[in-house]
Amino acid sequence: SDPEHIDTALKDSQSDDERPDVSHINRRPPNFKGFREISCKSSTRAFAIGGDHVITDSGHTRVWSLLSGENINTISHDDSKVTCLCWRPANRMEDVGRYLWCGGLDGHLFAIDTREDKYFEMTRKAHSSSVNFILCYESQQLTQLWTLDTDGKLLIWSEGDDGIISLKSTPEPFRVAPNQTCAIIVGHYLWTAAEKNIEIFNPHNKYELNVKKIGFGTEIGNITCMTQTNNSSLVYVGHEDGRITVWDVKSYNRIALVHASDYSITSILGVNDYLWVGFKTGMIYIYDITKRPWVTIKDWKAHKSPIIDMQLDEAGLWRVGRLQVASLSSEGSIISWDGLMEQDWFADKMSLREKTYCNYRDIKILICSWNIGACKPSDLEKSSDGIKFMRSWLASTELPDIIVIGFQEIFDLKSKKMNAKTMLTSKKKLKTKVEENLEKRSQEWRDKLAKMVEHASNGDKYEVLSTGNLFGLFSCFFVKKTEKEYIRDVHTAMHKTGLGGYNGNKGSIATRFIYDDSSMCFVNCHLAAGQKETLARNKDVANILENTTFPICFRESWNDYENVFTHGGDGTMVSDHEICFLSGDLNYRIDSQRDVVLKAIAKKNYDSLLAHDQLIKQRKTNPSFRLRSFLEGEPRFAPTYKYNPGEDEYDTSEKRRTPAWCDRILYRGPRIIQEHYVRYECKVSDHRPISSAFRLKIKAIDRDKQSDAKDKVMKEWKD
């Protein structure tokens, strides 16, 4: 009999997609110093890594040096195209990473000594079809090599009396499922997969060879790869729709469904307690799967083309002192990565020792944010409460070192005529009248703010550090004259998100600089509007944080920026900066009925409303939300949106929008204390202004002490 047990993967307890926590991603590639990329033929699909060498196969077997990237040996095998490789288990230490088994498209099997220039064993037509997998089975009792072809013929090759697995021996044949695209050994079992099916076999019990068949519904994409980690009780299965299913090897139940990405997973590899996942985009992500939800600890662009395979050199740690993970791209590029992630370990240890090589001093920052509803400085002057508000706004904390002012809707971007003009403006054409008006409006506000800051400073001198405008957005930074000399590398970057990125009606202005040796980034943004557009706002946030780029900081040497940036970055992205502030009209709403919200506001029962605030809920419950690592002081004031302009009454128009805390100020970084978080009463816009003051310690690095700390950390690593 040949029993088939079918499970439907969507019937078990873990039916909802989990998403990994992305708030602590480190984007430093885990490079080995001095290693070169290996460039093979684009037809290369089979490779193996061992010690200082990588072996590739297509028409010939080539041995490459990881240190030089050069082809140091080529072994011909009668034009038999190789489809898979596997190191032959060694019974002597000096033979580890020396002998290689090769499977061919024509069903041939042959063994190669990588230190010589030819194969030394060959079995022609061991298989009647293409050999797709050579797998190593090891237990305390025996070691075997399993070869599997397209037709489902499985041959098991065992050790001889001399402890060597030889192609001259007689293998034990089995018949399993044909046309399998994935195969791994799990304990004593063979797990194979194709399309939406997993099949499990026990070759050690020929009377019950077929153990289990698991079928997936249409809700999950085809299977592309499988692996295990240190936890041998679980199997991780990658799918072409970017999801990973996790299976218990004893019960065969699916215990988790993780939505790792929206892009196709092409390779998956267990390295200690981490899961390395390669994507069609050429990206590699590393997940800490001991946490729940999983934590994405690293991502980087590994290759320009899709990743088709990754392999772990388990013996490399004791052979050459490296735990090596190699990735192969569809273009034939092979790169070896550090499976121990030494640079990250080193950076974490240096961060823990920071107090031993840094001097700190206190500064104060005032952040002011307001959706001004296209009002002009003259409108503010005409308003009964305008000038009074502005003075209290800018003087809400005593003599800050930096004043940051961010406006949204500096111009009427709701006008269809305005949007049509800005969309049709070509970069090659002369500036349109619209753009000139925007620049004029920005200059008017810059001049007005400069006067108001001077008035609020009681004689303390401030200078404009930076300004930026992106159609509806405007940012202006003031710094004390006495502090300006301590600030360097000031850069501003704009990013449009409105109308798919074609228009500046929504987007961000990000400004970064280094203050002493603390890197800072300030983001003024305006996100997608609409009561039900939470996902669109989340997408805008991700778009801004991932695609806003700054130029690389250049100094005499990189050491000038060591321990200045964070998360493995070089200062080209927002998240690279140690201290970040994000503010503006974030447009997150309150998920409650308008009448309920108005009654709670009248009673100042803000706690009941905050429980339904979209931003707070996303930060608490959505692991993939990009603002999860940011903090926010709890708003203890009435919602700032939406008012009838010129009135104290919330929106009474036909739309009767539900009041919400659309205007927010968030922060992330060490040594930050929030002093206040308040709103102001100015009626010229349908939003109320807000501000927040922060006291923080910035650092100055003592390079000599830093060098001493590095020596101690290096010794700790070696130990």
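Me: Where does A374 lie?
Reply: This is a predicted model. In it, A374 sits in the loop between strand 30 (358–371) and helix 3.

Me: And what is phi there, for A374?
Reply: Near 70°, which is a positive value in a residue other than glycine.

Me: Is A374 buried or partly exposed?
Reply: Partly exposed, because its relative accessibility is 22% and buried means under 20%.

Me: What about phi of R671?
Reply: R671 is not a glycine, yet its phi is positive, about 60°. R671 is in the loop between strand 38 and strand 39 (672–679). With a relative accessible area of 25%, R671 is partly exposed.

Me: Switching to peptide bonds. Is the one from R292 to P293 cis or trans?
Reply: Cis, with omega near 0°. P293 belongs to the loop between strand 25 (283–288) and strand 26 (295–301).

Me: And the bond from Y641 to K642, cis or trans?
Reply: Also cis, with omega near 0°. K642 is in the loop between helix 10 (614–621) and strand 38 (663–668).

Me: Now charges. Which residues gather in the patch of positive charge on the surface?
Reply: K376, K382, K433 and K440. Of these, K382 is found in helix 3, residues 377–382.

Me: Why is K382 called exposed?
Reply: Because its relative accessible area is 69%, and exposed means over 50%.

Me: Which residues make the patch of negative charge?
Reply: E138, E159, D161, D162 and E314 gather there, on the surface. E159 is placed in the loop between strand 13 (153–158) and strand 14 (172–175). E159 has a relative accessible area of 36%, so it is partly exposed.

Me: How many positive and negative side chains does the protein have?
Reply: 100 positive and 100 negative, and the centres of the two sets lie 6 Å apart.

Me: How far apart are I220 and K196?
Reply: In sequence, 24 residues; in space, 7.9 Å from C-alpha to C-alpha.

Me: Last, the whole protein. How many helices and strands?
Reply: It has 11 helices and 40 strands. Of its 719 residues, 56% count as buried.

Me: What does the C-alpha trace span?
Reply: About 95 × 60 × 50 Å along the principal axes.

Definitions and conventions: Residues numbered from 1 in each chain as written. Predicted model: local features only at pLDDT ≥ 70, side-chain atom pairs only at ≥ 80, totals over all residues. Heavy atoms only, no water. Patch = residues over 30% accessible without salt bridge, like charges linked within 9 Å, V, L, I, M, F, W, Y side chains within 5 Å. Areas by Shrake-Rupley, 256 points an atom, 1.4 Å probe, with all protein chains shown as cover. Salt bridge = Lys/Arg side-chain N within 4 Å of Asp/Glu carboxyl O. Lys, Arg positive; Asp, Glu negative; His and termini not counted. Charge placed at Lys NZ, Arg CZ, Asp CG, Glu CD. Helix = DSSP H or I, 4+ residues; strand = E, 2+ residues; numbered from the N terminus. Buried < 20%, exposed > 50% of the residue type's maximum accessible area, 1.4 Å probe, protein only.
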